Amino acid sequence: MDAYGLSFELPERLKAAYRGLGFPDRNPATEWRLPVPATFVIDMAGAIRSRHCLSDYRYRMEPQDIVAAVRELSS
């Protein structure tokens, strides 16, 4: 995830709460880094045709936008 710039450092104000969930002990290789929720639509040549990357997990790419991007690939 770091190689693609799709991770972020957990803010200090949240570390105590995450420690109570067993973080980072459950995945010590990442320490206090979390993945950025991301969606990619990639064509057969490997080119990214649509993407959505936002560290706020509450906001995701809309399903209809994903479907539209995939349909556009087939046209």
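User: Where does E31 lie?

Analyst: This is a predicted model, in which local features need pLDDT of at least 70, side-chain atom pairs count only at pLDDT 80 or more, and totals for chains, interfaces and linings use all residues. Residues are numbered from 1 along each chain as its sequence is written, and side-chain values use heavy atoms, with hydrogens and water left out. Helices (H or I, at least four residues) and strands (E, at least two) are DSSP runs numbered from the N terminus. On that basis, E31 lies in the loop between α1 and β2.

User: Is E31 buried or exposed?

Analyst: Buried means under 20% relative accessible area, exposed over 50%, and partly exposed in between (1.4 Å probe, protein chains only). The relative accessible area of E31 is 53%, so E31 is exposed.

User: What is the phi of E31 near?

Analyst: Most residues other than glycine have a negative phi. E31 is a residue other than glycine with a positive phi, near 50°.

User: Which peptide bond is cis, with omega near 5°?

Analyst: Most peptide bonds are trans. P24 is placed in the loop between α1 and β2 (33–35). The cis bond runs from F23 to P24.

User: How is the pair of F23 and W32 classed?

Analyst: Rings of Phe, Tyr and Trp (its six-membered ring) pair if their centres lie within 6.5 Å; planes under 30 degrees apart count as stacked, over 60 as edge-to-face and the rest as tilted. There are two aromatic pairs in the structure. Y18 and F23 make an edge-to-face pair, at 5.9 Å centre to centre and 75° between the planes. For F23 and W32 the centres are 5.5 Å apart and the planes at 55°, so this pair is tilted.

User: Which residues form one aromatic cluster?

Analyst: Y18 is partly exposed at 28% relative accessible area. F23 counts as buried at 15%, and W32 is buried at 13%. The cluster is formed by Y18, F23 and W32.

User: Which residues is K15 in contact with, leaving aside its neighbours within four places in sequence?

Analyst: K15 is placed in helix α1 (residues 12–19) and counts as buried at 10% relative accessibility. Its side chain is joined to that of E12 by a polar contact of 2.9 Å (a pair of N or O atoms within 3.5 Å; within protein, one must be able to donate a hydrogen and the other to accept it, and residues adjacent in sequence count only if both atoms are side-chain atoms). Contact means heavy atoms within 4.5 Å. Leaving aside neighbours within four places in sequence, the contacts of K15 are E9, L10 and W32.
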